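Have a look at the sequence and the structure, then read on.

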Amino acid sequence: MVPDLSPDLSGALGAALDDALDRVPAARLAPVVDRLIRDYRSGTVPTAPILRTDDDAAAYAAYRMPATHAAVVDVLERAAARVPEPVSLLDLGGGTGAAVWAAAQVWPSLGRATVLEAAAPARALGRRLAAGAPSALLRGARWETAVLGTAPALPDTDLLTACYLLGELPVPVRDAVVDAAARAARVVVLVEPGTPAGHARILDARARLLAAGLTVAAPCPHDGACPVTGDDWCHFAVRVGRSSRHRVLKAGSLGHEDEKFSYVVAVRDDEGAVGRAPGRVVRHPHTRKGLVTLRVCEADGTLRDTPVPRSRTELFRHARDTAWGDAWPPG
């Protein structure tokens, strides 16, 4: 059970994006979006900042910020009941601030937030979007310059987020950033694209966090090896509504898209207080008449297809309401 959350900020974020971007013609941003999509999907580590101009930051916010926000909200909501409530947040490579908006929505306990971002246009737009937000955390967030290297010095914080960042870093820097995060934070949240490469980066980071003494709180119900192997990979999805601007910029006709992501939440659990899920549903449930089958990553580190027949009335009712990414069995 997820605790009571702050009011949904997705509408406020959409309004802030409209206010900031309405004055920028979509025709001017569309080719920038195309370039950014090519850059981010190239699979290569950038050697120069991707967001170099105000139009770059605007295009990025328009096409990526709602999806990133939705994915991070999903991750944090699933972790919220299982980790200590944070007071401070440090967001690495925060771009225009999607993760801070997500954290403000999930944790009313947060009192201060710092976003570290190398691209000046992204910092400027992030500040502007947050300035009128209905959240004191967002309005008071600090936006600081940071170029991450192989010896990052990060301040201590309750919660550290790094979302869609690791793939932009050379491996030595990536490893150093994860190690520094493990030293600095009580709770570390890493989110990457839900691709085989994104999942591989999460697995590498997960191993480093465990080696540093942290405990995995989500999505895994264990600290053992990932049982999802071969051509498969562990990832999740959230459905995101598309604004008219978003449909124009991405030349899409549907009113929604599915954002796929891989993630890990790890905790410095000195007091043994982490309450892990008993198991995690790692695929869409398969439903047919009188039977729901759930693919569950179990607490013992195994992967099992779990059939729930209608004859188990109460459990069957829960299974019908269970979604990809949920804990199982209900408790």
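## Salt bridges across the chain

R78 and D326 pair up in a salt bridge, with their closest N and O atoms 2.7 Å apart. This one ties together distant parts of the chain: R78 sits in helix α3, while D326 is in the segment after α10 (313-320), 248 residues apart. R78 has a relative accessibility of 19%, so this arginine counts as buried. Keep in mind that this is a predicted model.

R64 forms a salt bridge with E259, and here the closest N and O atoms are 3.0 Å apart. Again the pair links distant parts of the chain, with R64 in helix α3 and E259 in strand β8 (residues 256-267), 195 residues apart. R64 is buried at 15% relative accessible area, and E259 is buried at 8%. In total, the structure holds 18 salt bridges.

## Helix α2 and its bridge

Helix α2 covers residues 26-41, which makes 16 residues. From its first C-alpha to its last it reaches 22 Å, close to the 22 Å expected at 1.5 Å a residue. Its buried residues are L29, A30, V32, V33, R35, L36 and I37. Just after α2 comes G43, which takes a positive phi of about 80°.

R35 and D39 are four residues apart in α2, so about one helical turn separates them. R35 counts as buried because its relative accessibility is 19%, whereas D39 is partly exposed with a relative accessible area of 31%. Salt bridges that share partners also bring in D56, joining R35, D39 and D56 into one network.

## The nonpolar cores

Which residues have the most contacts inside the largest nonpolar core? They are W101, F261 and V265, in a core of 76 residues. Helix α3 (residues 54-80) gives the most to this core, with 17 residues. There is also a second, separate core of 28 residues, which includes L166, A181, L214 and V216.

Leaving out residues up to four places away in sequence, V265 touches V75, A79, V83, V187, V188, V189, T215, V216, A217 and A218.

## An enclosed helix

Now for helix α4 (residues 98-106): nine of its nine residues are buried, so the helix is largely enclosed by the rest of the structure. Those buried residues run from A98, A99, V100 and W101 through A102, A103 and A104 to Q105 and V106.

D91 belongs to strand β1 (residues 88-92).

D91 does have a polar partner, though: its side chain makes a polar contact with the side chain of T161 (2.7 Å). Not counting residues up to four places away in sequence, D91 touches A99, V100, T114, V115, L116, T161 and A162.

## A leucine in a loop

L148 lies in the loop between β3 (142-144) and β4 (157-163). Not counting residues up to four places away in sequence, L148 touches L165, V173 and V177. L148 and R174 are 26 residues apart in sequence, and 8.8 Å separates them in space, C-alpha to C-alpha.

Technical notes:
Residues numbered from 1 in each chain as written. Predicted model: local features only at pLDDT ≥ 70, side-chain atom pairs only at ≥ 80, totals over all residues. Heavy atoms only, no water. Helix = DSSP H or I, 4+ residues; strand = E, 2+ residues; numbered from the N terminus. Polar contact = N/O pair within 3.5 Å; in protein donor to acceptor, adjacent residues only side chain to side chain. Contact = heavy atoms within 4.5 Å. Core = buried A, V, L, I, M, F, W, Y, C linked by side-chain atoms within 4.5 Å. Buried < 20%, exposed > 50% of the residue type's maximum accessible area, 1.4 Å probe, protein only. Expected span 1.5 Å × (residues − 1). Salt bridge = Lys/Arg side-chain N within 4 Å of Asp/Glu carboxyl O.
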